[in-house]
Every structure is written in structure tokens, then in C-alpha cells.
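Look at the structure below before reading on. The text then goes from confidence to domains, pocket and local geometry.

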Amino acid sequence: MNNSMEEEKRVFTFMQQQNCCLRCCFRFIGSKMSECFHNPVTFARNMGYIKKDESFVEKVPCMACLGILQDQMLESVTQEIQVEVQKQNYDSETFLCALVVPTCVNLRERILYVQCGLELDLSKDTLLCLKVKLQKVKDIWKSVVTSRLEQAICKQVDSITPSAFLIEIILTYKHNDKEYEALENFCVKTNNVGNKRKRKNNDNRFSRKSIDTLMARITDEEFNQFLKTFSLDVSTNIDVGNIVCSHSSIFIGGRYNKLSRELSQTPWFINGEKKMATSVQDLLCNPIADVVRAQSIKFLSSGREDVDVRNIYSGRPFAVELINPRMTKITDVLLTTLVQEINQSSKQVRITSSLKVLSKLDLKKLKEGENVKTKIYRALCVCRTMPENMLPFEQLNNLKRVEIIQKTPVRVLHRRPLSPRTRLIYEMRARGVKPQELKALLNTARENASMFFVLDIKTQAGTYVKEFVHGDFGRTKPSLCDILKAEVDIVALDVTGINLEWP
């Protein structure tokens, strides 16, 4: 035991002589006691690592961590985080930290171990044991900074749940790439390893993964040769490259009616030009995103309507993903107010249910519903020809579970692959239209109302109803034209029911 402690002191003293900070000295001997990292000077004096009666001032920056674990840098980073968090103004009561350190810290740790092993004549087993016990810079940084941050930003750290609010601190070192480039050049010159192949994209040349791979293939003896051409001197301080605050997405959902036949579901652009002033997405999601101060949104729905198709009655299930929201405490009162404001602001779209903050299970249900749900439509149809052998509506209404095969419609061939799909028409019910009813539907009088009829149809999800009615130049078989033995076209279409338990 005494021999072990004596060896630890030798390693500690060696690291101190290499201008490592006290926290790094304790890291290198594998110390696990929190006191040595929170109060390193006091702990080092009590343990006899430094003299009790001698004033102690650490050199800045540390040879190993580049100053990351030294008090001056810890205080500076804490203040910068405080300023950024206050500026971003997230209402989350908890937080989680992520630290990104320069990759050259790994290289410096490896070099220091090689030097230590050679100068102190440590056995391979002893050196391996020290390497295994080494604690990472970011782990020590978090243990020391966490309590300071909690006081500075008035939030509690939560790494168990974990917190949805993440503070990512990206530290940079000016000569990071230069140090690895020196190692890579050394490996190439000595015909050892290195990136001999020319890469088309060199952006990841000094990524953490590629660097770890390179170092794993170099022996300690080869590192010793490299040290003769490399200096560990720190010529510049570490910098805070960026502090990024983000919150996990929040999903809010409900049901909506689309009451206009001149409204796209999402913003409609052709050749970069917006074709319609607004969309269902804009009218539903933008007010919600504005209130919670989301960075951006994604609109999710159980299917979609064409521009000229209404969605009435119970409405279509939808969800909005609020990306990086600042406001995260969403109450039922707030959701009720949002429903009222959205419904009052537009006559084209209406929310038909309460809004709800969604769980992962809710989202899974919405996604699965795209394929398993049934849908009900009401179509205003016209018979352009009414032959004598036309099938009576009574017989049409008795048909059940009609299987049809639909090739990709002509109107969507530009954005979907050409493939036949089998779909089911579960049931249909047709009836004639009275003249006054037709006038209300079309906003104009028609003399031959007998040529028009209303078709209520229940289908499998994914059925192209317009093409089922008119046949799409024979691409849907059988179509309503084939069944009725008449030339039929569709005048107007409404979605009247989407059978999905939601929200």
C-alpha cells in the first residue's frame, strides 16, 4: 500500500514538473475523491503532495488540459454560459451540460504517459493501470462546474432523466490541428501509418474518430521517437468557440377542418415562387410556434388533402413538432387559448378538438394510422352520359369490399414512382341531388340536376378517390365509371371522416 502511494506521489510530482495543473495531476494518478478536484490545493497540502507552508500559484495554462480545469478558465466559462443562458431565456428549470474539448488533449495525455513511463522507469502493467484509471477532462469539468452553474443560471442539473434543456460548450485550441498534423507527418515519414490516400473530402481529417484510430496504431516506442521532434509547450490559451443552448422538441396535436378549396396543406412553392398566400401549416402551426418561441417547426398529419378538397366534420389528426422551444411549460389554459385564437383568426381552417402535448406513443399512433385507418369521403359527381344500361344506385349501394387496382395517378407522377397499388372500397352510398341542394353546393343554378349525384364512400387509407370516380384514363380498375357503365366525373370532394382515435 505504501509502495503504491509512493509511486503515485512520484507520478504526481512528475506531472507537476511538466506544468500540469493540480486537477490534472490528480487525474493522472487515478484519484477518485471529489475533494481533490473541488479543492485541489487544500487536498494536495493535506496529503503531502505540496508543502503546507508554501504559497501556491498554478501556471496557466496547464500542459495537459490546456487550462480547461484551472480556476481562471472555469470562472470565465461559467460567466459566458450565464450570459448566454440569460440571453436565450429558456424557462426550463433543469439543464444538462455537454462539453466538447479539443482533440489534441487526448494526444497530450498519451505523450505525458509515455514520458512518465520512460523517465520514472514504470513497468508496462503499472503504466496500463494508470491509463485505465485516468478520468476524462470533461467528467472532472462537469463535477467541478455543475454547482457553480446551478447558482449562476438558477437551474438544477438533471442527468438522470435527463433534462431536455442542453447547454453545449465547445472549446477550441488554435494549434489543435497543427499538433495532429505533426504526428501524421511523422508517421508518414517513418513509413508507419497515416493518411497516405488522398481523400476527396478532407473535412474529417482531424475528427475525433480518425485521430483515435491513428493513435491506436502507434506504439509507445514510436511515440517516444515522435517526442524528439515535438514540443508540448502551450503557446496560447483555450478559447470558448461557441455556447449552444437547445431544448428537445415538443409535440402538440389535435384535429383540424380545412374549409377552403383554395388552400394547400403546406407552403406551396414552384421554382422558388410561393403559389399561395398561406397554407394549413401556416394557419395552424405558426401561432403555436410564436407563443412557445420555437426555432422552427415540422407539420405532421395523418394524410393530406388536395388543394381543392375540404376536410369537414370531425377533422384530420395533426401534430406540430416545435423545434428548440424557449417556452416549455405548456398548460391546458394556454392550449385552450391557442385554439380560440387560431379559430378566430381564419375562416379557412378550424381546430375541432382540444390541443394536447403529445407523447411518443401518441406520435407512433399518428404514424401507424396513415396505413391502417379507414377514411370516409363525400363526392359530388356528374354523369356526362346516362346510358339505358346504367347500374341503378340501389345496386351500387349494395356493393361491399370492392377491390381496385390503381396505378400512380397522372397528376402525381412527377413526384411519386409508377407502381400499381391494391386498395379496398369498403362501401358506397349514392343518392340524387335536389336542385336547391345543387345550387348550395355549386353556388350556381343548374338546369339538369338529375345528372348530378352525391356519393358517400368508405375506403382504405391511401385510396385515390378522384381517380376511382373518373378512372384516370383507365389507370384505376375497376372505376366508378366501370361499375355504373357510365361516363362519370367528380365535381367536388370532401373528407368527412378519418377513423383514428386521436388525440
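What follows is a short walk through this predicted model.

Start with the ground rules. Residues are numbered from 1 along each chain as its sequence is written. Because the model is predicted, local features need pLDDT of at least 70 and side-chain atom pairs count only at pLDDT 80 or more, while totals for chains, interfaces and linings use all residues; side-chain values use heavy atoms, without hydrogens and water.

Confidence comes next. The mean pLDDT (the predictor's confidence in each residue, from 0 to 100) is 91 for the protein, and 95% of its residues reach 70 or more. Residues 196-200 have pLDDT below 50. Beyond near neighbours in sequence, this stretch has three contacts in the model, where a contact means heavy atoms within 4.5 Å.

The protein is divided into domain 1 (3-175 + 233-245), domain 2 (249-369) and domain 3 (375-498). These bounds come from an automatic or database domain assignment. The C-alpha centres of domain 1 and domain 3 lie 71 Å apart.

Now the largest pocket. A pocket here is an open set of points on a 1 Å grid over the protein atoms alone, where a 1.4 Å probe fits, with protein on both sides within 12 Å along at least five of seven lines; lining residues have an atom within 4 Å of a point. The largest pocket holds about 980 Å³ of space, counted as the space filled by probe spheres set on the points. Its lining has 34 residues, and Arg304, Glu305, Asp306, Arg415 and Arg416 are the closest to its centre. By class, 11 are nonpolar, 10 polar and 13 charged. Where does the largest pocket lie? It lies between domain 2 and domain 3, because both give residues to its lining.

Aromatic rings pair if their centres lie within 6.5 Å, and planes over 60 degrees apart count as edge-to-face. The count comes to 13 aromatic pairs. One of them joins phenylalanine 28 and tyrosine 113, edge-to-face, at 5.1 Å centre to centre and 70° between the planes. Phenylalanine 28 is in helix H2 and tyrosine 113 in helix H6, 85 residues apart. Helices are DSSP runs (H or I) of at least four residues, and strands (E) of at least two.

Finally, the backbone. Most residues other than glycine have a negative phi, and most peptide bonds are trans. Cysteine 154 has a positive phi, near 60°. The bond from threonine 161 to proline 162 is cis, with omega near -15°. Proline 162 is found in the loop between strand S2 and strand S3.

Methods. Nonpolar A, V, L, I, M, F, W, Y, C, P; charged D, E, K, R; others polar. Phe/Tyr/Trp six-rings, centres within 6.5 Å; stacked < 30°, edge-to-face > 60°.
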